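Thanks for coming, everyone. Let me put the structure up, and then we'll walk through it piece by piece.

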Amino acid sequence: MARTNRSSLIAILVIIGGLIAVAFVNSNSLGNFGITLLSGLFQGMLLFLVASGLSIVFGLMDVLNFAQGAYFMVGAYVAYDAQHAGGLIDLTQAIPDPNLRFPVAVILAVIVGALLGVILERGLLRPLYARPVFQLVLTFGVALVMAEIIKFIWTTTPYSWTEVFGVRESFFELFGQRFSTYRLFVVGMGIVLIILIALLLRRSRIGIIIRAGVEDREMVQSLGINVQTVFTLVFTLGCAIAALGGAVAAPFLGASTTIGDIFLLQAIAVVVLGGMGSYEGTAIGSVMVGLAVAVAQDAAIGTSFAALPSITPMLLLILVLLLRPSGLFGNAR
Amino acid sequence: MAVTPRKTGWLQGNGWLLVLLALLILFPFIVGALTDSSPYGVARGDRMIMRGESVRWQSVLIEVYILAILTMSYNLLFGFTGVISFGHALFFGTASYLFGLALEFTEMDTGLAIVVGAVAAIVVCGLLGLLIGLVTLRLKGVYFAIFTLAVAEMFFIFLGRWQLTRAEDGFAITDLPAWLDPTQSRLSFYYLALVLAVLTFLFIRRLVNSPTGAVFQAIRENEDRAQSLGYNTLNYKLFSIVIAGMLAGVAGLLQVMLNKKVGPELLSVGYTVDPLLMTIIGGVGTLGGPIIGAAGLHLLDVFFRDRELVLGSMTIDIANIWALLLGVIFILAVIVFPYGVIGTWRRWQARALRKR
Amino acid sequence: MTDSILEVRDIHTFIGQFHILEGVSVSVPVGSITVLLGRNGAGKTTTLRSIMGLTPPARGQILFDGKNIAGKHPHAIAQLGIGYVPEHRAIFRELTVHENLRIAERKRGDLARKADFIFELFPDLKRLIDLPGGNLSGGQQQMLAVARALVPDNRLLLIDEPSEGLAPVIIEQLMAAISRLAESSSVLLVEQNFRVASRLAQQYVIIEEGQSPAAGKIDALVQDAALVQRYLGVA
């Protein structure tokens with residue numbers, strides 16, 4: 001036990017150290033290096049928002065929710081739509097101040113994500129707990145339907161952000177390079193969430209139940225705890241956090257119908273890398289994959305290998321499954 | 001691999017199958033007679049132009065045969081062995097790219113390129129299945145699903161950007177001999193696709209009824225128990241995925257020849273969803289299910305494609321919401337109709353028998 | 001009849017397509033210890049799991065306090081006041097001893113109320129309170145598993161093979177604890193070790209091939225060497 005933890009720690013340090021070293025060598029100035037690091041952390045925090053739900057739900061319920069990426073996408077579209085004029089849920093009239101509209105739209109996206117999460121768990125997954133194979137197939141189908149509904153409502157044309165608001169536009173300067181404050185804001189928010197969820201899991205009664213349920217669901221029930229209710233809660237929370245991810249990503253990445261799949265695949269890489277069901281693993285894995293993608297983006301500039309950043313998470317996933325299928329902290333069998 | 005002895009003769013046991021086969025063989029001529037069009041197309045000078053109802057319906061059925069082969073291969077893996085793949089398009093698309101590369105990007109003459117391309121495509125599909133299986137099949141089932149999805153997506157992204165094969169646009173196949181070219185002789189290609197679909201069906205039926213097939217199904221029901229009975233379940237699962245990969249490759253080859261075009265869309269998630277959905281609708285783990293699923297859904301698709309849905313004042317092109325409808329059918333099927341057409345039919349029969 | 005807290009009547013339980021219990025009946029009188037005896041694979045654990053609702057019986061009745069609980073969810077059954085200590089010390093290895101006890105609270109304050117009693121029975125646990133369950137020795141884990149069932153007010157405890165694989169000294173300590181428990185609640189015990197079982201229990205039920213062919217006072221069983229030989233293969 002202690003030995004696996006130590007070797008995991010060494011592996012983590014080596015990989016993160018390696019990524020940072022590559023980023024450093026590749027960048028010709030401290031400023032560029034900083035940009036790569038910040039964009040890696042930004043990407044990593046967004047990934048964490050998708051991957052944390054994926055991992056905890058899998059650990060607790062044995063369901064890998066292939067629709068998790070679709071919740072991210074829904075969050076992005078709802079947040080975009082609410083903050084721009086002429087959409088379905090146009091808040092531009094109701095809340096003229098864009099700086100106020102932003103948090104309201106984010107909260108709206110989270111609520112929509114949570115509602116859709118309850119519907120999926122209560123309405124569709126619950127009848128299938130006796131048939132786990134079909135649960136997997138079902139979440140895959142739900143992902144498709146959600147993507148199709150989005151295409152139906154908002155068409156397939158990607159939206160890029162046009163609305164101007166404070167945090168998004170401001171910059172700060174370091175080493176003669178301009179850094180986006182918004183990215184820093186998302187990174188900060190991600191770190192706060194990582195800590196909050198960790199506290200929830202460590203300190204609260206519900207957190208203890210979740211951790212116990214990951215280990216032995218049956219025993220938790222035998223103690224008089226209604227596991228179904230816990231499932232619904234955790235699943236809903238996972239979907240809501242994914243939608244939050246989409247909502248805060250939208251001002252930077254816009255909203256498009258491919259964004260869900262991209263984040264789902266990267267989040268799966270994170271979860272496998274960190275070890276299915278391990279919260280610490282998910283947090284560390286997110287940072288690793290985020291950094292790896294940023295480094296790959298940097299490396300691909302000016303070369304003909306434009307697909308490198310998109311392929312990087314999949315390459316990582318394949319490498320992890322080849323070398324250490326249980327991930328950094330976890331059990332694959 | 002002995003065929004299980006049956007009390008009835010082979011002909012009697014396969015009666016309805018032979019009738020269906022005869023109908024499919026005669027199909028181009030029947031449609032031709034009904035619509036007064038030639039199954040060979042329309043002659044213009046010394047060339048045949050592929051025009052007319054018979055020729056049009058031939059290509060619809062060719063698509064059904066291709067989807068049926070793909071779905072049967074998927075069902076072997078999912079329905080009979082209990083292994084879920086979310087990247088079956090990987091085999092379909094890989095085979096089509098290899099075949100296209102052999103034909104268009106090598107100096108071999110056409111006949112040799114076709115043979116080399118087809119053999120290489122199918123062998124590589126088998127190897128790909130073997131590799132993916134070796135990496136993930138020792139782990140929980142979900143890892144195989146993840147891994148196939150990731151590899152398929154990776155190839156999809158890569159091929160969408162690969163300049164040699166014209167990235168997203170893909171490239172056309174120009175070099176098919178006349179007898180194999182559906183734009184010159186649709187009818188001979190129709191029979192080729194039919195023969196391959198029938199062979200696939202017979203092969204899978206034989207495999208499933210063999211002792212090996214019995215172990216596949218034992219693994220699907222309870223892998224631990226199959227293992228405790230002394231079977232090396234990993235080897236059986238590997239065998240299943242290799243065969244399924246190769247058969248999906250065959251379907252990919254036919255698709256390339258039919259459309260005479262290779263592009264990254266052949267690796268898109270659609271070619272994973274189609275066989276999955278068709279398997280579930282037709283009947284998971286049944287022999288006829290994939291064929292019913294493939295035929296049913298594809299014919300519905302063709303039928304509804306250019307129609308409109310009028311909802312009060314709104315008019316919606318069905319083509320625009322077809323994928324959405326499929327998805328909804330998919331979810332409903334998983335929840336309320338999990339045994340598919342054939343499975344549900346058998347349950348009704350069994351209930352009726354019990355009541356008597 | 002009315003003095004039985006638990007009355008299992010002719011239950012049949014299937015696992016997959018296997019018919020594991022083919023008519024088991026067990027009666028647990030209030031305030032005493034009843035032991036299920038029988039060979040490995042006879043169906044003792046499945047009997048406890050069926051009572052708990054983890055493998056619900058397809059047929060038969062399970063009366064707790066005169067009310068049928070067969071078919072209820074495990075959590076609902078537990079909330080009626082039934083504590084379950086499964087075999088192989090099923091504690092949560094990643095949770096600390098304190099968290100293992102805290103998760104068993106059914107009402108706020110259960111643990112605070114029972115802490116003195118629990119630490120009096122198992123003084124070791126007090127010392128280990130902040131260690132993860134996985135770091136405990138086998139005997140300590142078993143004590144924790146029993147202690148966990150004591151946190152809420154349970155009127156019936158189902159304890160599966162508590163002595164399995166433990167050193168004699170530890171078994172003595174556990175046995176002493178279990179006899180003290182029986183003062184406040186009734187116990188249904190599965191125990192392979194006949195010597196231990198005969199000292200602890202007042203009643204026995206033999207489980208054999210998914211049925212319950214014999215039951216009675218344990219004193220009578222101890223006298224009847226032939227019966228012991230027949231069902232348990234020990235003299």
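Leaving aside neighbours within four places in sequence, which residues is A:Ala109 in contact with? Keep in mind that this is a predicted model. The partners are A:Gly75, A:Val78 and A:Ala79, then A:Ala243, A:Leu244, A:Gly246 and A:Ala247.

Now widen the view. A:Ala109 belongs to the largest nonpolar core, which has 286 residues. It is listed there with the members that touch the most others. Also on that list are A:Val74, A:Ala76, A:Ala243 and A:Ala247, plus B:Ala150 and C:Leu158. From chain A, the core draws at least three residues from domain 1 (67–254) and at least three from domain 2 (258–333). As background, nonpolar side chains in soluble globular proteins tend to be buried together.

Next, those two domains. Chain A is divided into domain 1, residues 67–254, and domain 2, residues 258–333. Their C-alpha centres lie 20 Å apart. Domain 1 of chain A puts 12 residues into the contact, and domain 2 of chain A puts in nine. On the domain 1 side, helix H3 (68–83) and helix H7 (181–203) of chain A each supply at least two residues.

Over to chain A against chain C. Chain A gives 15 residues to this contact, and chain C gives 18. On the side of chain A, helix H8 (205–215) and helix H9 (217–222) each supply at least two residues. H8(A) gives the most, with five. That side has seven nonpolar, four polar and four charged residues.

Last stop: chain C. Here we have an open sheet of six strands with mixed pairing, in the order S6-S7-S8-S3-S9-S10. Strand S6 (82–85) and strand S10 (211–217) stand at the edges, each with a single partner strand, so one side of each has no neighbour in the sheet. From one strand to the next, the twist averages 15°.

Look at one pair. Strand S3 (33–37) and strand S8 (186–190) of chain C run parallel, over four bridges. C:Val35 stands opposite C:Leu189 in S8(C).

Helix H1 (44–52) of chain C packs on this sheet, touching S3, S6, S7, S8 and S9 of chain C. Its direction makes about 145° with that of S7(C). Helix H6 (138–150) of chain C lies across S6 and S7 of chain C, at about 170° to S6(C).

Terms used:
Residues numbered from 1 in each chain as written. Chains lettered and ligands numbered in written order. Predicted model: local features only at pLDDT ≥ 70, side-chain atom pairs only at ≥ 80, totals over all residues. Core = buried A, V, L, I, M, F, W, Y, C linked by C-beta atoms within 7 Å. Buried ≥ 20, exposed ≤ 12 C-beta atoms within 10 Å, placed from the backbone. Domains from an automatic or database assignment. Contact = placed C-beta atoms within 7 Å. Nonpolar A, V, L, I, M, F, W, Y, C, P; charged D, E, K, R; others polar. Pairing = 2+ DSSP bridges. Axes fitted to C-alpha atoms, helices over the stretch in contact; angles between N-to-C directions.
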